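Open the model in your viewer and keep the selection tool ready. Each stop below tells you what to select and what is there.

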Amino acid sequence: STSDSVKVAVRVRPFNQREKNAGSQCIISMQDKTTNIKNPETGDIKSFSYDHSYWSHDGFKETPSGVSEPDGSNYADQKRLFSDLGQGVLDNAWQGYNAALFAYGQTGSGKSYSMIGYGANKGIVPITCEELFKAIDTSSDNKKQLRVFFSMLEIYNEQVRDLIVKEKPPHGGLKIRQNPKSGFYVEGLKQVPVRSYKEIEKLMESGTINRTTAATNMNATSSRSHMVITIRFEQVLVNDAGQSNTRSSDINLVDLAGSERADSTGATGDRLKEGSAINQSLSTLGNVISALADQAMGKTKVLVPYRDSVLTKLLQSALGGNSRTIMIAALSPADINYDETLSTLRYADRAKKIQNKATVNESPTD
Ligand code: ADP
Ligand code: MG
């Protein structure tokens, strides 16, 4: 068992059209691991240090195939995120460690771009899956049987929906159950055995469509739901005596709902209710992170409120438990988003204090 802290990366995106139209100023600057934010009114600068500070604000060109590539300057592209963060997740998975990758930030800050990507600019999730199968296909150890399972769910209004199945979810969503050994899980969630990256790609595509369709039907956008993809990687190892052991790793990949507060979006009535239920998962996540940070700082008798939301139940092991965990905090560069961006930087700052205790998952095959 090894204890290590949650790794935190921040990434600042280019201006979007709305910010350009508003004549926005860039208030973010970075040097090495340091990210600075300038208060546009006072000029006051605050500095934070993370495991990685990714500058993706400028310095890229679109290639004819639509891929954003660095133009020789310092633009941090999708491949860079994979090699810094995704590759380590894969290495851990082969060793039998659980891993988790979260994307946090306000709507439009670049969470889905970093996680899933758009068009030719594939994000860290598809690149990681693709590389996993490349490694499986070249693995020549015939004493080992390798299996991959894929699942994809959405948490909306504290209800869980399976994004792999087309049917409407049962009233109230899928049930969360607790297993004394492995913790919380979603009852009846599809775990699809997959044999190639192509199969994952198809499942991710239809899952993304299901997420969007559901959001439209509920008169909301996908920015208000949390999406969790789980890749389960199993290696069945047979020794010379013919005994078989299974080494497994769960990789949780989480695209969180937008972190902006409901009051800043002007929501009222039903929409406010939805907003506060979504905030229940997100604000509980914040409370869990704060409690774990306090614990890591030596505070005793800290109660970690995992049970207060669906998200924190399902991600319990990723937060202070048996997992190697990474958070990517997505940042808008624009002065108009100063308050939200500062709160994202503070959130990320707290997350890096969390200590996890990852252990190898290996036991006799059942
Ligand atoms: P979120 O998922 O946080 O709501 P998106 O990932 O959809 O936000 O990003 C919003 C917009 O910004 C998209 O058009 C996306 O292509 C663009 N964008 C985000 N991050 C980057 C980046 N690192 N480089 C280039 N464009 C980006
Ligand atoms: Mg998104």
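Select Gly-110 together with ligand 1. A polar backbone atom of Gly-110 sits 3.0 Å from an oxygen atom of the ligand; this is a polar contact (a pair of N or O atoms within 3.5 Å; within protein, one must be able to donate a hydrogen and the other to accept it, and residues adjacent in sequence count only if both atoms are side-chain atoms).

One of its backbone N or O atoms is 2.7 Å from an oxygen atom of ligand 1.

A note before moving on. This is a predicted model, where local features need pLDDT of at least 70, side-chain atom pairs count only at pLDDT 80 or more, and totals for chains, interfaces and linings use all residues. Residues are numbered from 1 along each chain as its sequence is written, chains are lettered from A and ligands numbered from 1 in the order in which they are written, and side-chain values use heavy atoms, with hydrogens and water left out.

Widen the view around ligand 1. It is surrounded by 14 residues, and Tyr-75, Gly-108, Lys-111, Tyr-113 and Tyr-118 are the closest. A residue counts as near if one of its heavy atoms lies within 4 Å.

Next, pick Lys-111. It belongs to helix α3, residues 111–115. Helices (H or I, at least four residues) and strands (E, at least two) are DSSP runs, numbered from the N terminus. Lys-111 is buried and has no salt bridge. Buried means under 20% relative accessible area, exposed over 50%, partly exposed in between (1.4 Å probe, protein chains only). A salt bridge needs a side-chain nitrogen of Lys or Arg within 4 Å of a carboxyl oxygen of Asp or Glu. Which side chain of opposite charge is nearest to Lys-111? Asp-255, 5.4 Å away. Lys and Arg count as positive, Asp and Glu as negative; His and the chain ends are not counted.

Jump to Ser-139. You are in the loop between α4 (124–138) and β12 (144–156). Ser-139 counts as partly exposed because its relative accessibility is 27%.

Now go to Asp-32, in the loop between β3 (28–31) and β4 (34–38). Its phi is positive, about 50°, although Asp-32 is not a glycine. Most residues other than glycine have a negative phi. Asp-32 is exposed, at 75% relative accessibility.

Finish at Asn-157, in the loop between β12 and β13 (159–162). This non-glycine residue also has a positive phi, near 60°.
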